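User: Please take me through this structure. I want to know what stands behind each label.

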Amino acid sequence: MKPATVAPGSRLDCASDQSLLVSFGDQISLEAHRRVHWLLTCLQNEPVAGTLNLHPAYCSLLIKFDPRRTTHQQVEREVRERMANMDPGSATGRRQVEIPVCYGVDFGPDLASLAELRGLLIDDLIRIHSQQTYTVFFLGFVPGFAYLGTVPETIAAPRLASPRRRVEAGSVGIAGHQTGVYPFPVPGGWQIIGKTPLSMFRADRDPMSLLAVGDEVRFRPIPVDEYVRIERGGA
Amino acid sequence: MIRVESPGLMTTVQDLGREGFGPLGVSASGAADPIALRIGNRLLGNREAAAGLEFTLVGGAFRFEIDTWIAITGSDFGPMLDDAPVDLWTVHRVRAGQIVRMRSTRSGARCYLCVSGGIKVPLFLASASTHVLSGLGGLDGRALRKGDRLQADPAAPPPAQRLNPEVGAKLAPRRRLRVTDGLQCGWFTVAARRALFETAYQVSEASNRMGLRLEGAVLEFAIRREMITTGVALGAIQVPAGGQPVVVFVEQQTTGGYPIIANVVAADLASVGQLRPRDAVEFEPISLESARDLLLEQETSLTSDQLLLS
């Protein structure tokens, strides 16, 4: 199958024998994100026959299908038909989510060194991080891990040279111009600046994931005692 | 109930996985060798997707507290029922008080213990599969431990006695995996493609259900470009900067940022689940059309009424 233009800057490619990748350019932008979000919502509301899974990312959506039930050609045809009616402006009933974060202290082991690296006071770094409104571009890595953008250039952070073997659940990190919260204690290379007492993902909650694609997120700095209070409250 | 006397190296509850939750960052997980699990369930008359136990390299011992039927499939871990060796791919009657024991593998990486009616655990996102990294699914989201008890209620007597060896041979795991072109295959040198298709790679010790790290000829880039994170397909062969490939596997990250040189075809994914550390593996390029034909052919064998013998 030849890559084909559907809408300006979009293309469909066979990513494997059981998946199709729809891309909207190759830049991280809100414009591309809105298209991904629109197509994701469209395919979730009315699934294409034979499709199994959807993997959204910054400017692309991977569509996994069952080759026993359909083909690349059939899925491509259906997706093109949907995209002919694309209205990315309409997918923006955006939820606002506030995430309380206790920066630094014992919760953000990289906060001081990152501030020094960027030539900022710790309080300035906290203010810059918490004054920005971030968009959930997609969830990936592990269940409930939201890739949030865009982190201002002044506090953008390189990944750690050697990733930690274990990052605590709730840890808030920065990598490049992305920020995010670790839902589970897993290995990770993002620079950790604080921690939230909220559970990002709980199997016994509906919805399980605190964040969903397209949400708008703000971080609110909180002192330790409030962290403890929220944590005890089981939020 | 079934009591875990010794858990083995890495024994988890697995079914055919949970598709459809990629938007939450949740990968499908499921049996590393789904063909073996499906055959085990078919032998017992279970749903194909019923949960069983997946053993990795070294099995364990399980005391049955119920009368039931079992089938052991996949690689040969030298299974015993009390003191007697038992055949793979065969239905066995197990009585309350008996112990099923697995030893170390004599062939591939994984073996399955299927039980009449399936292993019952609370479902997470519609599946019993354990997702080890995030601690979700299966039994408390983790590998089994000594003293764990697993619920299994025997269903009707099994419809079959054993796998038809002729059909089984067609479904046997391969060491030469068929692949299709990856989206970034053009980023690599001609020499890199030749190396991937003409030399063997060795499975590294640092391999698990998330991915298999391979060691062999370095895959050189012709073009070095920064990748923007995209969704990653199961079986993708990613190449990090060092040039040593990684095969993305069942407990994968849903997205990734490494160039993909090729993809293991769907029909050969179960074979990936049988690769052990230090095993040699080869890759053979085929077209998307051939990949689909292979899968349909495999499915015909798996669903054939010749599959099982009574």
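Analyst: Two strands pair if DSSP finds at least two bridges between them. Strands are DSSP runs of E with at least two residues, helices are runs of H or I with at least four, and both are numbered from the N terminus. This is a predicted model: local features need pLDDT of at least 70, side-chain atom pairs count only at pLDDT 80 or more, and totals for chains, interfaces and linings use all residues. Residues are numbered from 1 along each chain as its sequence is written, with chains lettered from A and ligands numbered from 1 in the order in which they are written.

User: What makes β7(A) and strand β8 (residues 146–149) of chain A a pair?

Analyst: Four bridges join them, in the antiparallel sense. The rule asks for at least two, so they pair. One position to look at is A:Thr135, which stands opposite A:Gly149 in β8(A). The hairpin of β7(A) and β8(A) has six residues between the strands, and A:Phe141 takes a positive phi near 70° there.

User: Which bridges join β7(A) to strand β14 (residues 216–221) of chain A?

Analyst: Two bridges do, and the strands run antiparallel. The rule is at least two, so this is a pair. A:Tyr134 stands opposite A:Val217 in β14(A).

User: Why is B:Ser129 called buried?

Analyst: A residue is buried if 20 or more other C-beta atoms, placed from the backbone, lie within 10 Å of its own, exposed if 12 or fewer, and partly exposed in between. B:Ser129 has 30 other C-beta atoms within 10 Å, so it is buried. Its place is in the loop between β10 (110–115) and β11 (149–150) of chain B. By the burial rule, six of the six residues of β7(A) are buried. For chain B, 53% of the 310 residues count as buried.

User: What is B:Ser129 in contact with, leaving aside its neighbours within four places in sequence?

Analyst: Contact means that the C-beta atoms, placed from the backbone, lie within 7 Å. The partners of B:Ser129 include B:Gln14, B:Asp15, B:Arg18, B:Ser29 and B:Gly137.

User: What are the domains of chain B?

Analyst: Domain 1 (2–163) and domain 2 (176–303). The bounds come from an automatic or database domain assignment. Their C-alpha centres lie 27 Å apart. The contact takes 21 residues from domain 1 of chain B and 13 residues from domain 2 of chain B.

User: How many residues of chain A are in contact with chain B?

Analyst: 41 residues of chain A, against 34 residues of chain B. On the chain A side, β4(A) gives the largest share, five residues. That side divides into 25 nonpolar, eleven polar and five charged residues. Nonpolar covers Ala, Val, Leu, Ile, Met, Phe, Trp, Tyr, Cys and Pro; charged covers Asp, Glu, Lys and Arg; the others, Gly among them, are polar.

Conventions. Contact = placed C-beta atoms within 7 Å.
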